[in-house]
Amino acid sequence: MNAESGFARYARPEFARLFRALHLDVIYQGGQGDHLTRKLPAGADQATDQVLDLVGGAGSSLFGHNHPALLDVARQCFEERIPFNAQASIRPGAAELAQRLSEIVGGTTGSSYVVTLGSTGAEAVEAAVKHATVEHRRRLGALQEQFEVALRRAHRDGVADLVCASGPAQGRSSSEVLSEALDRIADLRTADPVFVSLRNAFHGKTAGAGTLTHGGNVPADLHVPGPRHRRLSDWSPQHVVTAFDSDRVPVYSVTVDAAGVAHSQVRHLSPVAACFVEPIQGESGVHEVPAETLAALRELADRHEAALVFDEIQCGMGRTGTFLASEGSGVAADYYLFSKSLGGGLAKISALLVDEKRYVPEFGRHHTSTFADDDFSSRIATAAVDLSFTYRDRIIETGVLLRERLTEVAQRWPDAIIEVRGRGLLLGIEFHLPQPESGLLREVFDTESLGYLIAGRLLHTHAIRVIPTLSAPTTVRVQPSALLEPADVDRIAAGFDDVAGLLSRGDYTTLLDHLTVPPAGAWQPPQHVPLPRRDWPVLHSGSRGDVTRVAFLANLDVPGKLWSMAPELAAWSDDQCEAALDRMWGELDPFEVVRHRVTSESKGEVEVIMVAAPFTAGQAVAALRTGHGAWLRRTVLDAVELGVALGAEVIGLGGHTSIVTNAARDVVESSIRVTSGNSLTAACAYDLLRLELAAAGPGERRVGLVGGIGNIGAVMAELIAPHCDSMVLVGRPGSARRLATVAKRLSSVVDVSIAEDLDALRDCPIVVSATNSADPVILPHHLAGDRKILVCDLAVPGDVHPAVTGLSNVTLVSGGRIQLPGMQTPHFPGITLPPGILYSCMAETIGLGFEPETPSPSYGGLSSAGVLAARDLAARHGLHPARIVSDDISVQPWIVDQFGSTIEEHIG
């Protein structure tokens, strides 16, 4: 098993699928400075293996990859054979790092700090939550002790019944006031403390850190309940300071003066234990929190006797030009958090700094970690801290230059780039979400994908590596190292100029060209995420009035018709289309393509909503063959749910959507009619074949039927059997047993035989085909060359190879087509039929929309009666069969037989 397959199966299945879809499935096998060495396929130009890394470990690689000074420290640790595991001992490296951090931060704030080391940024956040909880409870515990003593003293001194002469508790006895205070303090001590964070905050993904994080793109069921939390959505200082005043609890104390008079005083307690803030919010799109807001948070924390926590994990350690990103605000916090760049890109380490005046000594005894305090990580981190000062001026200068150049790009393409934000070497470029004409590309360019699509273009065209910020993926992060050269700045500006220009011009063919490289490795479907119908958003748009809505589900029949769904990609070859669709397979959700109103010839109109099931016929067949039918079926059911959410009262299943749902049986609905539309497809073919068989002479009424075990094929055999002299049911090898079941039903009506070789069609003047194959099955050599042949192809995609159309003795009719009444020519992307012509399955869906009380004739297995009912339904509304032979279109009225009612045919 290669690395890609192992990663997909055993490590990160969803990441592997995403990387495959976006052509970010690359391996980096080396790194030096700002560059990564990409592993290239055998035979590729090795000169293209160097990639400029602007991801930098999401801010961890401030000093690039494998900085020589840090490597020297690591080598020295190995050479000295310092112990990695030396728990329950004095750790010199940890002591040196802790002192260094305390002195540096204290140089700005004037305080001294006790440092708790860990392994990750989220671990530092969890430690801060835990320490703040302990600090909060111990402060309340100390206060409770104080009031208990005061109450005992009042009883001892005989003043418990003394009534307060002044203050907020005036008129109440001292014992009553103090007892009430003790009850309130006890309630606060036993209640879970509250933690505050800002709108769009990101503090990590563990339970506690995840609660503080405002991640709008994380599924709700992935949020694990953590500590009690309140979010500040309004950052205005006046709102911040007083935001939680209603949570403050008044507590009254009592003092007795020398004259023996009792007086009451008030103080306010709060459940708020800590307020967390990133001075620059990185993952929400690189937004700097204003100094006024930081000052207001300081006041808020003091107002609630809570700790103010500055999360400098991504923005600190000198990345913005100062060791603390908050330094310029003049606001000092009680706790500081560091990680990422603290490890110099070599070590996994984090640090929580707590002002020693607030530190709870016992915390360090009970909050321990197996891998914390190791000398290897600590010594590397100390060296990284020193490097941050070595590169300080360079970080400032490079950051200014880089932002200026990117701002120039943004000003050149204002319709592509919204803004360049950030400071130093922490920058973000926010892009406008494109609005392509086609529904397919609007689905491709959603808010979750845009940044990754830009990343793919930059990687494969410019050898520049970027990714979007986590919770604002329309913003691309730019986080290079302090080693970035001016020539690299030029290269970065050129790369983003290219991307912005393509977006501005709507040149999606070029922008997405990297997706047209065939993917490597086996495809795996995504796991189904349950979404009960009550959780679906109501998507009804506009007022329907009295117009019935119907939703028609369709999949793309062949990759080469991608242009019909997305005309913007018309320049791609068939191979490019196939490669891109293979990459995107499983990543797109069902989506609305277009909606049009269609009017009946006799009465009423319907609104037709076309919903795309995002797979091709070939992908459907491949999924069924490889055991992924459940995923395929689930995709169609999700498309059904979308149709219901859009207000459809009829759901039509076109193409392979009916096949994978067992002829619609797997679509379980009680108040919505569901149809495969196959009855009207069969009716069109029956109408044509009745005429042909009636006109045929002796010996010419032999019919070859391909696909007789399918839903349409089986009913076609039943319908035309009484009208032909003989019939041969032809199937693929191994189908004889199932074909025999069909043949047995027909044996009393017609001379019927079975064949597993398509050469059996050579003695059939009439051929009907309705298989589920994604590729043509009938080739020129399967048909006789010495007689006139009529072939009726009902399959989509077609069963007949294009070369058959070149045979002069063969008339190929594309069956199952319906013309709309009057001059109506709505355009439904993906349907490449002449104007005004629809597939029969879609026409049947529309017909049911015209008649709200008519049951579906095509739910489950087809019947002759259902076929004729579908025909009559279509006839009542002027939906007539269209026979397409090459470029010739003929529309004829329906033929009525003994099973149907007499219909006056009229074609306007």
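**Exercise 1. Is Arg738 buried, partly exposed or exposed at 45% relative accessibility?**

Step 1. The model is predicted, so local features need pLDDT of at least 70 and side-chain atom pairs count only at pLDDT 80 or more, while totals for chains, interfaces and linings use all residues. Residues are numbered from 1 along each chain as its sequence is written, and side-chain values use heavy atoms, with hydrogens and water left out.

Step 2. Buried means under 20% relative accessible area, exposed means over 50%, and partly exposed lies in between (1.4 Å probe, protein chains only).

Step 3. Arg738 has 45% relative accessibility and therefore counts as partly exposed.

Step 4. Arg738 belongs to helix α25 (residues 736–746). Helices (H or I, at least four residues) and strands (E, at least two) are DSSP runs, numbered from the N terminus.

**Exercise 2. Determine how Asp386 and Arg100 are paired.**

Step 1. Side chains of opposite charge can pair when their charged atoms come close. A salt bridge is a side-chain nitrogen of Lys or Arg within 4 Å of a carboxyl oxygen of Asp or Glu.

Step 2. The closest N and O atoms of Asp386 and Arg100 are 2.9 Å apart, and the two residues form a salt bridge.

Step 3. This pair links distant parts of the chain, 286 residues apart: Asp386 lies in helix α12 (residues 375–390) and Arg100 in helix α5 (residues 92–109).

Step 4. Asp386 is partly exposed, with a relative accessible area of 34%, and Arg100 also counts as partly exposed, at 27%.

**Exercise 3. Describe the salt bridge of Arg184 and its place in the chain.**

Step 1. The partner of Arg184 is Glu180, with the closest N and O atoms 3.6 Å apart.

Step 2. Both residues lie in helix α7 (residues 174–190), four residues apart, which is about one turn of the helix.

Step 3. Arg184 has 27% relative accessibility and so counts as partly exposed; Glu180 is partly exposed at 21%.

**Exercise 4. Which residues join Asp334 and Arg358 in one network?**

Step 1. Asp334 and Arg358 form a salt bridge, their closest N and O atoms being 3.4 Å apart.

Step 2. Asp334 is in the loop between β13 (307–311) and β14 (335–338), whereas Arg358 is in the loop between β15 (350–355) and α11 (361–366).

Step 3. Both Asp334 and Arg358 are buried.

Step 4. Salt bridges that share partners join Asp334 and Arg358 with Glu135, Arg139, Arg298 and Asp302.
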